[in-house]
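Please look over the sequence and the structure before reading the points below.

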Amino acid sequence: MTSPTHAPAHPCAGCGASVAFAPGTTAMRCPYCGLEQQIAPPTRQVREFSYEAFLAKPRVQTLAPHQFTCPGCAARTESDAISKTCQFCGTVLVADIANDSQIAPEAVLPFALNRDGARSALRSWVRTRWFAPNHLKKVTEAESMKSTYLPHWTFDAGTASDYVGQRGEHYWVTTSYTDGSGQRRTRRERRTRWYPAAGRVARDFDDVLVPATTQVEDLDKLQPWPLKQAVPFHPDYVAGHHSLRYDTEPPVGLEQAKLVMRDVIHGDCRRHIGGDVQRVFSVDTHYSNVMFKLVLLPVWAGNYLFGGRTYQVLINGANGEVQGDRPYSAAKITLTVLAALAVIGVVVWLYLANRA
């Protein structure tokens, strides 16, 4: 199929240069003259879409990349990105996704953290890394730090789950034993009586979030996200920032979301069983009114160089949460282990001394 025509760059009203969304604001800012242009407030609410209706529609299995023609230098490029900058002249490029065969983003959580904020979050993260080499604290910025919107699915569903398990109730008994000196002694031991249990629990899930891209790992570690602050998708919010197109289809995303729901449902079953301890043997869950949407979430992605090795770091562009690879100091780990062994040795010595 032929990819749709792409929108021209967002021109600055002052100097004509391309403007980009300014994180932490509701405006687009010119990087040259600083002029800001307010983004029009949304005229609608973020919507959810019926998963059943989605399954009933024919789907294109193989999608061509977006074809961009730069309005600045006329360079023609292809990309799976929704938005990016021209690699030749830096002009802002945003795909026209109105007629795209893929599901269009319904919502976007705008960047709240600008580049300086991302640097500050990285510095704080570096300073609090236990067992990291001391020189790591000198790392203050990731190389090639890039602001990227990453696609995620959210799913809503009503669930009703029938479970079978057991309820355990503790009781105590007195038993006798012979100690090391041959003396007969008694002690209290806890036992558990098990009773059959079965029942039904119900729960409604809202905005269960799963990544819709396989190009970036460990996205789950950046949660939680303030999804209530997401706004209806508008190309102005992604202008000047890289935006990935999803590569995980909704059916795969739903199965991942069900795994998240399963852990919550199992907790519901245990609470419903009651008692002191529980066993859950089987859970049969029925899903109803499944709704979904595609949302773009802001991430600062970059790498930093330390000791001749490159480490990746991801920063939540909404709240500054940082996740990433880091080096470890073998010397610090060794000293900590030796200190712990020394403490254990002192405790054992004191115990034996008191027994003597």
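The model is predicted; local features are reported only at pLDDT of at least 70 and side-chain atom pairs only at pLDDT 80 or more, while totals for chains, interfaces and linings use all residues. Residues are numbered from 1 along each chain as its sequence is written, and side-chain values use heavy atoms, with hydrogens and water left out.

**Confidence**

- The protein chain has a mean pLDDT of 81, and 71% of its residues reach 70 or more; pLDDT is the predictor's confidence in each residue, from 0 to 100.
- Where pLDDT is low, the predicted coordinates should not be read in detail.

**Overall make-up**

- The protein chain contains 5 helices and 16 strands; these are DSSP runs numbered from the N terminus, with helices (H or I) of at least four residues and strands (E) of at least two.
- Of the 356 residues in the chain, 40% are buried; buried means under 20% relative accessible area, exposed over 50%, and partly exposed in between, with a 1.4 Å probe and protein chains only.
- Among contacts in the chain with a separation of 6 or more, 71% join residues 24 or more positions apart.
- The accessible surface of the chain is about 20,000 Å², and carbon and sulfur atoms account for 52% of that surface; areas come from the Shrake-Rupley method with a 1.4 Å probe, and for residues only the protein chains shown count as cover.

**Helix α4**

- The end C-alpha atoms of α4 are 34 Å apart, which agrees with the 34 Å that its 24 residues should span; the expected span is 1.5 Å times one less than the number of residues.
- Buried residues of α4 include P250, L254, M261, I265 and I273.
- G274 follows α4 and has a positive phi, near 75°.

**The loop residue T248**

- T248 lies in the loop between β13 (242–244) and α4, and T248 is buried, with a relative accessible area of 6%.
- The side chains of T248 and D247 make a polar contact at 3.4 Å; such a contact is a pair of N or O atoms within 3.5 Å, where within protein one must be able to donate a hydrogen and the other to accept it, and residues adjacent in sequence count only if both atoms are side-chain atoms.
- Beyond neighbours within four places in sequence, T248 is in contact with W153, P211, A212, T213, T214 and G253.

**Aromatic rings**

- The whole structure holds 9 aromatic pairs; rings of Phe, Tyr and Trp (its six-membered ring) pair if their centres lie within 6.5 Å, and planes under 30 degrees apart count as stacked, over 60 as edge-to-face and the rest as tilted.
- The Y51 and F54 rings form a tilted pair, with centres 5.9 Å apart and planes at 35°.
- Both Y51 and F54 lie in helix α1 (residues 51–56), 3 residues apart.
- F54 also pairs edge-to-face with F292, at 5.4 Å centre to centre and 65° between the planes.
- This second pair links distant parts of the chain, as F292 is in strand β14 (residues 277–306), 238 residues from F54.
- F54 is buried at a relative accessible area of 11%, and F292 is buried at 3%.
- Ring pairs link Y51, F54, W153, F155, Y246 and F292 into a cluster.

Conventions:
Contact means heavy atoms within 4.5 Å.
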